[in-house]
Amino acid sequence: MPAGPDEAVIQVRDIMEEHDVFGSVFCPLAPHNRTAPRLSLHCDLTDQDVDRIIHAAETVQPLGSTLGSPAT
């Protein structure tokens with residue numbers, strides 16, 4: 001998933017969870033503003049599961065303009 005400021009990635013995680021897609025926020029020590037939601041996929045996912053993940057990702061896609069941009 002795209003990396004960005006902590007606040008934006010937390011918002012992405014929350015929206016994904018509203019679509020029953022769960023991940024963890026990965027906060028590396030450096031560089032700044034490179035926080036990313038991390039998803040783990042497995043081979044038992046059904047087509048319906050994959051569709052739900054894609055739909056959730058499309059829902060957060062408009063946030064892409066804020067992810068990875070420098071904090072002001």
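This is a predicted model: local features need pLDDT of at least 70, side-chain atom pairs count only at pLDDT 80 or more; totals for chains, interfaces and linings use all residues.
Residues are numbered from 1 along each chain as its sequence is written, and side-chain values use heavy atoms, with hydrogens and water left out.

**Entry: layout.** I looked up the secondary structure and found two helices and two strands. Here helices (H or I, at least four residues) and strands (E, at least two) are DSSP runs, numbered from the N terminus. Read from that end, the order is α-β-β-α. I then checked contacts, meaning heavy atoms within 4.5 Å. Among contacts with a separation of 6 or more, 67% join residues 24 or more positions apart.

**Entry: the helix pair.** How do α1 and α2 pack? I noted an angle of about 140° and axes 9 Å apart. The axes are lines fitted to C-alpha atoms, for helices over the stretch in contact, and angles run from 0 to 180 degrees between N-to-C directions. The two helices are therefore oblique to each other; angles under 35 degrees count as roughly parallel, over 145 as roughly antiparallel, 65 to 115 as roughly perpendicular and the rest as oblique. On the α1 side I listed Val12, Ile15 and Met16 as making the contact, and on the α2 side Ala56, Ala57, Thr59 and Val60.

**Entry: the core.** Next I searched for nonpolar cores, sets of buried Ala, Val, Leu, Ile, Met, Phe, Trp, Tyr and Cys residues joined through side-chain atoms within 4.5 Å. The largest has seven residues: Val12, Ile15, Met16, Val21, Ile53, Ala56 and Val60. I see α1 (6-18) and α2 (47-60) as the elements giving two or more residues to this core.

**Entry: alanine 56.** I stopped at this residue of helix α2. Alanine 56 counts as buried because its relative accessibility is 0%. Leaving out residues up to four places away in sequence, alanine 56 touches Met16, His19 and Val21. From alanine 56 to histidine 19 I have 37 residues in sequence, yet 5.9 Å from C-alpha to C-alpha.

**Entry: aspartate 49.** Also in helix α2, aspartate 49 is buried, at 17% relative accessible area. A polar atom of the aspartate 49 side chain lies 2.9 Å from the backbone nitrogen of threonine 46.

Key
Buried means under 20% relative accessible area, exposed over 50%, partly exposed in between (1.4 Å probe, protein chains only). A polar contact is a pair of N or O atoms within 3.5 Å; within protein, one must be able to donate a hydrogen and the other to accept it, and residues adjacent in sequence count only if both atoms are side-chain atoms.
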